[in-house]
Amino acid sequence: MESLSLAFTGGWASGINAYLVVLVLGITDRVNDVAEIPDVLARWDVLAAAGFMFAIEFVADKIPWIDSTWDAISTAIRPTVGAVIGVLLAGDATSLETAVLGVVGGGTALLSHLVKAGGRLAVNGSPEPVSNTVASVTEDVTVLGVVWLAVEHPQLAAAIAALLLAGGLVMLVVLARFVRRGWRRWKGREPVGQH
């Protein structure tokens, strides 16, 4: 059950900020040598690469429209990282368990990525840039907190991640008009001043 909860939480968090998930898990394992966290995430080269990519995402994620471009690029990356973390958490498990955890991690990452990307398209319709920074910092702090919680209390963290995912999906349905408008603007079909 712990591996499934960690895969779900890691997948949810990876869909929002995959590099931060790798950093939190890797640093936690390096400092505390946590049995549930795969040692490969604590390697210095993995931490350096994740730290470098997190720094780029940290900046890109705060700039209107650049964040949506970054999200488009990350559509393949975030679910893949979520799936890889799920498979790594399975360890020496049977191939069925490995497959299940990979699907849980990757599928959850894809759903949370779609929530994040859609939410950002809606936020980008706002005429001021502060909302992007607030959304980005909120996402980073939430990912950090939930992944950190997952190390000690995986079931609680998975329940919180499930609530956040469900809430995000409901938010996307409610904000669908703004998401579509943001999508058209990002694709260049609608000028910024037109409503």
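Modeller: **Buried charges and their surroundings**

Glu139 is buried, and so is Arg120. Here buried means under 20% relative accessible area, exposed means over 50%, and partly exposed lies in between, using a 1.4 Å probe and protein chains only. The side chains of these two residues, Glu139 and Arg120, meet in a salt bridge, 3.0 Å from N to O. A salt bridge is a side-chain nitrogen of Lys or Arg within 4 Å of a carboxyl oxygen of Asp or Glu. The pair links distant parts of the chain: Glu139 sits in helix H5 (residues 130–152), Arg120 in helix H4, 19 residues apart. Helices (H or I, at least four residues) and strands (E, at least two) are DSSP runs, numbered from the N terminus.

The bridge between Glu139 and Arg120 is part of a network. Salt bridges that share partners join Glu57, Asp61, Asp67, Asp71, Arg78, Lys116, Arg120 and Glu139.

A word on the source. This is a predicted model, in which local features need pLDDT of at least 70, side-chain atom pairs count only at pLDDT 80 or more, and totals for chains, interfaces and linings use all residues. Residues are numbered from 1 along each chain as its sequence is written, and side-chain values use heavy atoms, leaving out hydrogens and water.

Asp61 and Lys116 pair through their side chains in a salt bridge of 3.1 Å, N to O. The two lie 55 residues apart: Asp61 is in the loop between helix H2 (44–60) and helix H3 (66–90), and Lys116 is in helix H4 (residues 95–124). Both Asp61 and Lys116 are buried. Next come Arg78 and Asp71, with their closest N and O atoms 2.9 Å apart in a salt bridge. Arg78 counts as buried because its relative accessibility is 1%. Asp71 counts as buried too, because its value is 2%. Side chains of opposite charge can pair when their charged atoms come close. The count of salt bridges comes to ten.

Ser14 touches Val21, Arg78, Val81, Gly82, Ile85 and Ala109, leaving aside residues up to four places away in sequence. Contact means heavy atoms within 4.5 Å. Ser14 belongs to helix H1 (residues 2–32). Its relative accessible area is 0%, so Ser14 is buried. The Ser14 side chain reaches the backbone oxygen of Gly10 at 2.7 Å.

Gly10 and Ile85 turn up again in the lining of the largest cavity. Leu6, Thr9, Leu25, Ile37, Pro38, Leu41, Leu89, Val147 and Ala150 line this cavity as well. On a 1 Å grid over the protein atoms alone, a cavity is a set of points where a 1.4 Å probe fits but cannot get out, and lining residues have an atom within 4 Å of a point. The largest cavity has a volume of about 80 Å³. H1, H3 and H5 are the elements that give two or more residues to its lining. H1 gives the most, with four residues. By class, the lining of the largest cavity has nine nonpolar, two polar and no charged residues.

Terms used
A polar contact is a pair of N or O atoms within 3.5 Å; within protein, one must be able to donate a hydrogen and the other to accept it, and residues adjacent in sequence count only if both atoms are side-chain atoms. On a 1 Å grid over the protein atoms alone, a cavity is a set of points where a 1.4 Å probe fits but cannot get out, and a pocket is an open set with protein on both sides within 12 Å along at least five of seven lines; lining residues have an atom within 4 Å of a point. Grid points are joined across faces, edges and corners, and a volume is the space filled by probe spheres set on the points. Ala, Val, Leu, Ile, Met, Phe, Trp, Tyr, Cys and Pro count as nonpolar, Asp, Glu, Lys and Arg as charged, and the others, Gly among them, as polar.
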